[in-house]
2 protein chains.
Amino acid sequence: MIVVADNLRITLPVIGRAVERLGPGPIRQMVSACMHAGAQAIDINSGPMFRAPEKKMTFLVRTVQETVDLPIVLDTANPRAIAAGLAASGQKAMINGVSLEPDRLKRILPLARKYDCDIIGYLLGPDGHVPADAPGRMEAAVALFNKMQTAGISPERIIIDPVVAPLAWQDGNRQNMAVLEVIRTLPDLLGFPVRTIAGLSNLTTGAPDLDTRRRYQGAFLPMLVAAGVNMVLLNVLDPVLMRVAGSSQRITNGTVFSWQ
Amino acid sequence: MIVVADNLRITLPVIGRAVERLGPGPIRQMVSACMHAGAQAIDINSGPMFRAPEKKMTFLVRTVQETVDLPIVLDTANPRAIAAGLAASGQKAMINGVSLEPDRLKRILPLARKYDCDIIGYLLGPDGHVPADAPGRMEAAVALFNKMQTAGISPERIIIDPVVAPLAWQDGNRQNMAVLEVIRTLPDLLGFPVRTIAGLSNLTTGAPDLDTRRRYQGAFLPMLVAAGVNMVLLNVLDPVLMRVAGSSQRITNGTVFSWQ
């Protein structure tokens, strides 16, 4: 399992300001801390970037790549920002991502094909909503996987994100049990060992404090790992969570165990 | 999921001495602490009890039942001790347990039938060894389930324990992935919603310290809960572990979520 840092977010004021004035300091500090904490990839959550997306994404990608030698994930719905990020970074960038929403498919899939890069497909319906249940997620997964392949994306490049739901949603527990089921069964259903990714922080949207976030994320993370998820986006700067990630991996992987 | 305290063990010197001199104090103190910590049942791990098993088990059962109003689990391979425990406690006792070992089947199954009580079946081969892989565990489960029913045990009374393996075993991780698979798939395989139980403490046999035990048990417990285990035997006096148990249950159960 690959641990992807979800810490670099333009919504953090210190990062947002750094991007506005193209000042690399805070970004370097953040991704350097993520790498030392054990991140194996960096998600660049740049948001929609309505103004000057090319310039800002290019700056972000270059700053991250000058600081750490880790794969990057371009986390934005803005195709112009994605195009600029891919141009700046080359094959190490992953697109995050597309869904069945027609406009996204149309504008983003050609970029994935052009750069032959990994691309994350979110299990949302064409209307942008989360499917109601596990069968709905499975249907969305099959439809998305097929659409991506039809558009010329190699199945090896596709990573499915079943979209972790906030527990505080009315049917949050049920939704997240469906997330686990999708991760566990999708490779069989597709007849292809498609990779999967999950964003852990979303689970505790609305949680009252750090302790509560840790507690629920720390319980759901082993469930994701046991289900066979290939990548997890998480707060790598939380050492408690990183320990859970490490223990879960050592329990589930096939190599000889050591306590460490 | 039902949390069963595995804390009352005759191998603890204070408990062993109390049983020898039939002094209820330390036993009362222990099970009272377990109840306050959230135990929903008490495992009475009395060991083989070579001398005076009837007297000792009767004393243990009465002492526990006079102290807390919780179901009890008679955890011994000694049929004489089980018979005495069942006679002392009535229907609230559960037998822990039988396996495919012929002598155990022959001597313990009639007791389960006579008292119409719950009985745990361990997935060990007729030789008393853990099966080598998941298919071996499945085979043992089917064979045991059938033998128990043939002996007149109602399927509702059967609880299967796939036997958590110490991680430190050479193939400990693989064994425990098989444990999860058995818990997840056994009801489908048997065509009956058979209950399952897992003993968590066994996972960390040989671990160097409390922190390491917590860390690995705390990562494996959510995996067991997500797999659908019905009962877990664990150290209920570890508040960290009990928090993980609570969070895991709130994530996976079907009711409306609250952060608590």
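Predicted model: local features only at pLDDT ≥ 70, side-chain atom pairs only at ≥ 80, totals over all residues.

User: Which helix is A:Thr252 found in?

Analyst: A:Thr252 belongs to helix α9 of chain A, residues 239-252.

User: And what is A:Thr252 in contact with, leaving aside neighbours within four places in sequence?

Analyst: A:Val225 and A:Ala226 from chain A, plus B:Met177 and B:Met223 from chain B.

User: Switching to strands. What do β1 to β8 of chain A form?

Analyst: A closed barrel of eight strands, running in order from β1 to β8 with parallel pairing. From one strand to the next, the twist averages 25°.

User: Zoom in on β5 and β6 of chain A. How many bridges join them?

Analyst: Four, between residues 119-122 (β5) and residues 158-161 (β6), and the two strands run parallel. For one of the pairs, A:Ile119 has A:Ile158 in β6(A) as its bridge partner.

User: OK, cores now. Which residues touch the most other members of the largest nonpolar core?

Analyst: B:Leu8 and B:Ile42, in a core of 81 residues. Helix α8 of chain B (residues 210-227) gives the largest share of this core, eight residues. Apart from that core lies another, of 80 residues, including A:Ile15, A:Ile42, A:Ala93 and A:Ile95.

User: Back to B:Ile42, what is in contact with it beyond four places in sequence?

Analyst: Among them are B:Val4, B:Ala5, B:Leu8, B:Val31 and B:Cys34, and also B:Val64, B:Val68 and B:Pro71.

Definitions and conventions:
Residues numbered from 1 in each chain as written. Chains lettered and ligands numbered in written order. Heavy atoms only, no water. Contact = heavy atoms within 4.5 Å. Pairing = 2+ DSSP bridges. Axes fitted to C-alpha atoms, helices over the stretch in contact; angles between N-to-C directions. Core = buried A, V, L, I, M, F, W, Y, C linked by side-chain atoms within 4.5 Å. Buried < 20%, exposed > 50% of the residue type's maximum accessible area, 1.4 Å probe, protein only.
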